[in-house]
Amino acid sequence: MSRIELRNLSLAYESENKRFLALENISLSIESGEFVCVIGSSGCGKSTLLGVLEGLIFPSSGEALIDGVPITGTGPERSVVFQHYSLFPWMNAKQNVAFGIRQVNNASKKEANEIAEDFLIRVGLKDFMDKLPAELSGGMQQRVAIARALAVNPKILLMDEPFGAIDAKTRVQLQELLLSLWGADAERKTVVFVTHDTDEALLLSDRIVFMGPRRIEQEIHVPFERPRRESTFFSKPEYAELRKNLVSLFYRDVAQNIGGEEVLI
Amino acid sequence: MKKYILNVPNLLFVILAALVSFAPSRLDARNPMSPAFAFVIAIIAVEVFFLYKLKSGRDATATKDIAAFAYAALLLWELLTSKLDILKYIFVPAPENVFYVFVKFGLTILSGFERSMLLLTAGFSAALFFGVLLGILIGWTPRLRNAVFPVVKVFSTVPALIYTPYLVVLMPTFATASILVIFLGIFWSTLMNTINDVGTIDKRIIDSAKILNVKTKVMLFQVILPYLLPRIINSLSVQLNISVMTLNAAELIGADRGMGYFVKRSIDYANYDQAIAGIIFIAIVLTALNSLILVAKGKLIKWHY
Ligand SMILES: Nc1ncnc2c1ncn2[C@@H]1O[C@H](COP(=O)(O)OP(=O)(O)O)[C@@H](O)[C@H]1O
Ligand SMILES: [Mg+2]
């Protein structure tokens, strides 16, 4: 439930003798409660863009605002789920979630544990609370990460290819879990979800932001009503149409990147 | 059951035990032999330990090889000295006499052990505590790190053994001197390693903590410290060995009691049986401490990088 606004944002990674422009003149607004997917080929700057919203990287020029206030660092109104390795390997599932809770509110250890248990049950990990991350499958680890992100009740949820390393079947379950958790809130959270999977973007988002190298190329409205379910969703003709457009954008982009030659994928 | 009994180490054990218990000693004519029971008890202790390891340990072949080697060495020692009298007794005492030292000088050895452990614990834990604490603080603060790291690197290359004699004369008592020597012997390297480790910590761990909005104190002691703990524990064995080495070196110079002192004084008086007993004792203590570290690691750390 917060509005995000990027204005003429550029970002260059600077090292001793190199300067690499990763984002160039990005402008984007995301409404409160909107679910936006950022999609684009690898290396085009998606994670960099999300890093700015996370408050871990800072723009070289331009502005990044949340509810009109410039981002100066991480903040309790934002939660993040990374692709890998966001859990602390020495803490079990419950401790990981409770640790997150205790950093942002003054909950006692007991209260934090209760909230953590509640969220772990919601993501379907009732029987795995005492397991260390290494004892959980990749999908289960991401469930814990989602529980940890949601347990602090953030206004904005930032997700960087959270299901990118997960097998197809589990990914569908996680997508539906995410949608149901997001849909369950009376005041919906604003979500920025990075992916390189067109089907995932179409299933999840209200709007798809298509990125080319360094910049936003196109924004695509995804009009399908909610709740959406994987099983019914993919058979719709409008869906096929949108998907075709998106895929062709993707291939055009790939073709341009490698110099206009024909590509077979 | 069969595989516990029918093996080379056990065969050697029986030969050795029988030889020590029943075969006459040629040495006895010239040099009074100490009673053999202490050595027999030691052999039995080795056998018990061997059987325990064979039962609980993973690599049975290695366990057997090590035991066979140990028995072969003891057998050779026993034959060359007590049984055949080939080696010069005065320099290479018989095992019976060496192990009898533990009976005769047990109290002296124990009081030396107590003293050495006291100094060791004090110097070792202080160095570890301050090395890790300061290392994390300095490693986390880029400006401090850039200023301090080169200096620490220089200090950590100087072996403490070099200035040990100087500290022994400088400090008012031997205890304070040896605590300081042990402290300096591992403080600089602990500090340097910790600063290094903080600098090379996985960025994803730091980012995960940052996005949870941790305060600096939590970042340092609830994220970085637990993340580095396995590395710190792994370095303990090396640090412990260095500490024992520096302590023993200090004891050669100025102690009046202690494990290293016991060896030195015995050599000074040409009591080589006592000296060898003292060396065996130090080896046993060090091995026990190292196993303790391994056990602690297994209990404390249930994950790996
Ligand atoms: N820390 C960094 N220093 C220099 N270049 C970087 C850094 N991080 C990313 N890049 C570069 O910036 C570009 C965009 O990276 P990223 O945002 O991770 O892309 P994406 O997430 O879309 O795959 C890539 O070309 C990458 O090599
Ligand atoms: Mg990325």
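How far apart do the C-alpha centres of domain 1 of chain A and domain 2 of chain A lie? They lie 26 Å apart. The bounds come from an automatic or database domain assignment. Domain 1 of chain A covers 4-77 + 155-264, and domain 2 covers 88-153. Across the boundary, 13 residues of domain 1 of chain A are in contact with 11 residues of domain 2 of chain A; contact means heavy atoms within 4.5 Å.

This is a predicted model, in which local features need pLDDT of at least 70, side-chain atom pairs count only at pLDDT 80 or more, and totals for chains, interfaces and linings use all residues. Residues are numbered from 1 along each chain as its sequence is written, chains are lettered from A and ligands numbered from 1 in the order in which they are written, and side-chain values use heavy atoms, with hydrogens and water left out.

**Sheets of chain A**

Helices (H or I, at least four residues) and strands (E, at least two) are DSSP runs, numbered from the N terminus. Two strands pair if DSSP finds at least two bridges between them. Chain A has an open sheet of 6 strands, ordered S6-S7-S8-S3-S9-S10, with mixed pairing. Strand S6 (78-81) and strand S10 (215-221) of chain A each have a single partner strand, so one side of each lacks a neighbour in the sheet. Neighbouring strands here are turned by 20° against each other on average, direction ignored. Angles run from 0 to 180 degrees between N-to-C directions, and axes are lines fitted to C-alpha atoms, for helices over the stretch in contact.

An open sheet of 4 strands in chain A has the order S2-S1-S4-S5, with antiparallel pairing. Its edge strands are strand S2 (19-30) and strand S5 (69-70) of chain A, each pairing on one side only.

|---|---|---|---|

Helices lie across both sheets. Helix H1 (residues 46-54) of chain A lies across S1, S2 and strand S4 (61-66) of chain A, at about 115° to S1(A).

**Cores**

A nonpolar core is a set of buried Ala, Val, Leu, Ile, Met, Phe, Trp, Tyr and Cys residues joined through side-chain atoms within 4.5 Å. Buried means under 20% relative accessible area, exposed over 50%, partly exposed in between (1.4 Å probe, protein chains only). The largest nonpolar core has 79 residues; A:Phe88, A:Trp90, A:Phe99, B:Leu120, B:Val223 and B:Ile224 have the most contacts inside it. Helix H11 (residues 216-254) of chain B gives the most, with 14 residues. Apart from this core lies another, of 52 residues, including A:Leu87 and A:Leu181.

**A:Gln103 and the cysteines**

A:Gln103 lies in helix H2 (residues 93-104) of chain A. A:Gln103 is buried, at 12% relative accessible area. Not counting residues up to four places away in sequence, A:Gln103 touches B:Leu212, B:Asn213, B:Val214, B:Lys215 and B:Val218.

The structure holds 0 disulfides over all chains; a disulfide is a pair of cysteine sulfur atoms within 2.5 Å. A:Cys37 is buried, with a relative accessible area of 0%. A:Cys44 is buried at 2%.
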